[in-house]
Amino acid sequence: MWKKAVGSQVARYLFFGGCTTCVNLGIFTILHYLAGMGTNPANLLSIIISIFFAFWVNRRFVFQKAQEGTRQITEEFVNFTGMRFVTMLIEFWGVVLLAGPLKVPALVSKVTIQIVVILLNYIISKFFVFREKEVSL
């Protein structure tokens, strides 16, 4: 039972979603707090880099897509980044709203919005990007 739970797609997504969140938050922290970059540019760059990381781990480890042709990978990447653009807007403007007018600390804003984004990204990836193609008989 433990093997089945840990090996499930949802468990893999939560683990690698957590890794992606760590990449996102780590890059944001380095850029914003250590390099002194403004909140919005640091947020945007951390989101873009984490999208590339997320595509790779989702394709390879979460949805376990076999290496296929360049055309399929390119199609998935375009779909993935297109869908993630929507959640990137939610994340970017969510942090702008929370950290700006609402005066929530930047890192707390980032973590709060990440929870919403992780849920949306799983739904988008599962049902729109890495879905199993229907086979016609």
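H5 gives the nonpolar surface patch its largest share, four residues. Let me start there.

First, the ground rules. This is a predicted model, where local features need pLDDT of at least 70, side-chain atom pairs count only at pLDDT 80 or more, and totals for chains, interfaces and linings use all residues. Residues are numbered from 1 along each chain as its sequence is written, and side-chain values use heavy atoms, with hydrogens and water left out. Helices are DSSP runs of H or I, at least four residues, numbered from the N terminus.

Back to the patch. Its members are Ile 30, Tyr 33, Leu 34, Leu 107, Val 111, Ile 115 and Leu 119. Together they have about 700 Å² of accessible area, by the Shrake-Rupley method with a 1.4 Å probe, only the protein chains shown counting as cover. To join a patch, a residue needs over 30% relative accessible area and no salt bridge, and nonpolar side chains are linked within 5 Å. A salt bridge here is a Lys or Arg side-chain nitrogen within 4 Å of an Asp or Glu carboxyl oxygen. H2 and H5, residues 106-129, each supply at least two members.

Take Tyr 33. It lies in H2. Buried or partly exposed? Tyr 33 counts as partly exposed because its relative accessibility is 44%; the class runs between buried, under 20%, and exposed, over 50%, with a 1.4 Å probe and protein chains only.

Now H2 itself. Thr 21 sits in this helix, residues 9-34. Thr 21 is at 11% relative accessible area, so it is buried. Thr 21 touches Gln 114 and Ile 118, leaving out residues up to four places away in sequence; contact means heavy atoms within 4.5 Å. Other buried residues of H2 include Arg 12, Phe 16, Asn 24 and Phe 28.

Just after H2, Gly 36 takes a positive phi of about 75°.

Last, the interior. A nonpolar core is a set of buried Ala, Val, Leu, Ile, Met, Phe, Trp, Tyr and Cys residues joined through side-chain atoms within 4.5 Å. The largest has 17 residues, and Phe 80 and Phe 130 touch the most other members. H2, H3 (39-62), H4 (70-99) and H5 each supply at least two. H3 gives the most, six. Apart from this core lies another, of five residues, including Ile 27 and Ala 106.

Key
Patch = residues over 30% accessible without salt bridge, like charges linked within 9 Å, V, L, I, M, F, W, Y side chains within 5 Å.
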